[in-house]
Amino acid sequence: MEISGLGALVSGGASGLGAATARQLADAGARVTIADLDETGGSALAARIGGLFVRTDVTKPAEVAEALDRSGAFSGTQRILVNCAGIAPPAKAVGRDGNALALSAFARVIEVNLLGTFNFLSQFAARLQAAEALGDEERGVIVNTASVAAFDGQIGQPAYSASKAGVVGMTLPLAREFAKSGIRVMAIAPGLFLTPMLESLPEDTQTSLGQQVPFPNRLGRPEEFSALVEAIIRNSMLNGEVIRLDGAIRMAPR
Ligand SMILES: NC(=O)c1ccc[n+]([C@@H]2O[C@H](COP(=O)([O-])OP(=O)(O)OC[C@H]3O[C@@H](n4cnc5c(N)ncnc54)[C@H](O)[C@@H]3O)[C@@H](O)[C@H]2O)c1
């Protein structure tokens, strides 16, 4: 699908992988809306790329509906949705104190990463199904962000891994469901990328994490993630699949 001139929404677009994606899509000529909780980072980036920022909590159906309304008013039919909003608080099932993890803490990660992704994509697809098709009967593309933790989650990641495995699991049934409307659904499972999520770790921890990546022997750059998003959008045969983007890393237990 040609990107130039299309409306694109990026959830979690104020920071990290989402911010790189918002920049890349704007450079490719899309009119980008950033939907994020972070007003300061989100509005600053939107201003830089000639886009729109809408403060949105992806877990709230009414806020997502408003983001879709406002992005539609800003740039017409939204054809591209990239879901990057996510949280990754580490927590073992049984803590050091011997207590079981509060169910509410587990549920919160599922709520943001899995339900938030579904909330956005289902409302996006409902609107897009009613829009005109482009060439080749294609209407649009949804790219969700999973994680290698969906496959090789570490100790302390039961909730995060479950949330990302959910994102992986819904990829094919959604691609099958939306096929009749010409809407593709893909997921990217990143390995270790240098974003604020990892920048908060001490520098020697960052280096040691990077050294675990077989090749290239370093942390991924957000622009390497956004380059894959762009390639997925452009290549209409990519559908219903999860692509690991990880330099061949397989995460160790801890
Ligand atoms: N950085 C990595 O190494 C890595 C690896 C695998 C997967 N991921 C996934 O990639 C995605 C982006 O991660 P990142 O590293 O860029 O993190 P980040 O923390 O830099 O960005 C995440 C963004 O999501 C936003 N967000 C969080 N909760 C939200 C909510 N309820 N509603 C709206 N926005 C919300 C935050 O405000 C932030 O701007 C996440 O889903 C993460 O799980 C990251």
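The model is predicted: local features need pLDDT of at least 70 and side-chain atom pairs count only at pLDDT 80 or more, while totals for chains, interfaces and linings use all residues. Residues are numbered from 1 along each chain as its sequence is written.

**Whole protein.** Display the protein as a cartoon; nine helices and seven strands are present (DSSP runs numbered from the N terminus, helices being H or I of at least four residues and strands E of at least two). The C-alpha trace spans about 55 × 35 × 35 Å along its principal axes.

**Helices α3 and α4.** Next, select residues 61–75 (α3) and 103–129 (α4), whose axes come within 10 Å and cross at roughly 45° (axes are lines fitted to C-alpha atoms, for helices over the stretch in contact, and angles run from 0 to 180 degrees between N-to-C directions). Show P61, V64, A65 and L68 of α3 with N119, F120, Q123, F124 and R127 of α4; these residues make the contact (C-beta atoms, placed from the backbone, within 7 Å). They divide into six nonpolar, two polar and one charged (nonpolar: Ala, Val, Leu, Ile, Met, Phe, Trp, Tyr, Cys and Pro; charged: Asp, Glu, Lys and Arg; polar: the others, Gly among them).

**Ligand.** Finally, select the ligand, which 30 residues surround (C-beta atom, placed from the backbone, within 6 Å of it). The closest are G12, S15, G16, G86 and T195. The elements giving two or more residues to this shell are α1 (16–27), α4 and α7 (196–199). Coloured by class, the shell shows 15 nonpolar, 12 polar and three charged residues.

Note on methods: Contact = placed C-beta atoms within 7 Å.
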